[in-house]
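Subject: Model for your files

Dear colleague,

Here is the structure I said I would pass on. My notes on it follow below.

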Amino acid sequence: RKLNPVPVHRPSTPPIQQHLILIAMSSSSTDPNPPPPPPPISLGKPSLRHRLESYYTLIAPDAISDVETWKTNFELIYEKYGGSVEGERKLRKKLAKKYGERVL
């Protein structure tokens, strides 16, 4: 979904203090086949995959650019770190060490 800045004028607000309000334009209004919503946040495999793909899209897009390699790597990541709070903490520390604390 794209965020489109839309200026909003409020008569009671002085012009100097006017703000841009970002309104999320729903893709479902223009796209007949919107993407499915993300899975609920949990310790399950779909949730971790969605969260990691979102993270890598921002931090290291090359890590997920080859779909088949990413699927294999994700399976290894889930096997080692997935399914538990402690495992995800270890994964977080590993990612922070490798990429920094930019998004975590």
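In these notes a residue is buried when its relative accessible area is under 20%, exposed when that area is over 50%, and partly exposed in between, with a 1.4 Å probe and protein chains only as cover. This is a predicted model, in which local features need pLDDT of at least 70 and side-chain atom pairs count only at pLDDT 80 or more, while totals for chains, interfaces and linings use all residues. Residues are numbered from 1 along each chain as its sequence is written, and side-chain values use heavy atoms, with hydrogens and water left out.

Ser 47

By the definition above, Ser 47 is buried, at a relative accessible area of 2%. Ser 47 sits in helix H1; helices (H or I, at least four residues) and strands (E, at least two) are DSSP runs, numbered from the N terminus. Its contacts (heavy atoms within 4.5 Å), leaving aside neighbours within four places in sequence, are with Pro 39, Pro 40, Ile 41 and Ser 42. The Ser 47 side chain also reaches the backbone oxygen of Pro 40 at 3.5 Å. That is a polar contact, meaning a pair of N or O atoms within 3.5 Å; within protein, one must be able to donate a hydrogen and the other to accept it, and residues adjacent in sequence count only if both atoms are side-chain atoms.

Overall layout

The chain has 3 helices and 2 strands, in the order β-β-α-α-α along the sequence. Of its 104 residues, 18% count as buried. Among contacts in the chain with a separation of 6 or more, 39% come from residues 24 or more positions apart.

The core

A nonpolar core is a set of buried Ala, Val, Leu, Ile, Met, Phe, Trp, Tyr and Cys residues joined through side-chain atoms within 4.5 Å. The largest one here has 14 residues, and those with the most contacts inside it include Leu 52, Tyr 56, Trp 70 and Tyr 99. Helices H1 (45-59), H2 (67-81) and H3 (85-99) each supply at least two residues of this core, and H1 gives the most, with 5. Beyond its neighbours within four places in sequence, Tyr 56 touches Pro 61, Ala 63, Ile 64, Trp 70, Ile 77, Leu 95 and Tyr 99.

Helix H2

The expected span of a helix is 1.5 Å times one less than its number of residues. Which residues of H2 are buried? They are Trp 70, Phe 74, Ile 77 and Tyr 81. Seen down the helix axis, these buried residues of H2 fall within an arc of 65°, so they line one face; the arc is that of the directions from the axis to the C-beta atoms. Their cover includes H1 and H3. The face of H2 turned away from the buried side carries the exposed residues Glu 68, Glu 79 and Lys 80. At the N-terminal end, Asp 66 caps H2, with a side-chain oxygen 3.3 Å from the backbone nitrogen of Glu 68. H2 is followed by Gly 83, whose phi is positive, near 85°.

Helix H3

H3 has 15 residues and reaches 21 Å from its first C-alpha to its last, close to the 21 Å expected. Its buried residues are Gly 87, Glu 88, Leu 91, Leu 95, Ala 96 and Tyr 99, and they pack against H1 and H2. Just after H3, Gly 100 takes a positive phi of about 90°.

Regards
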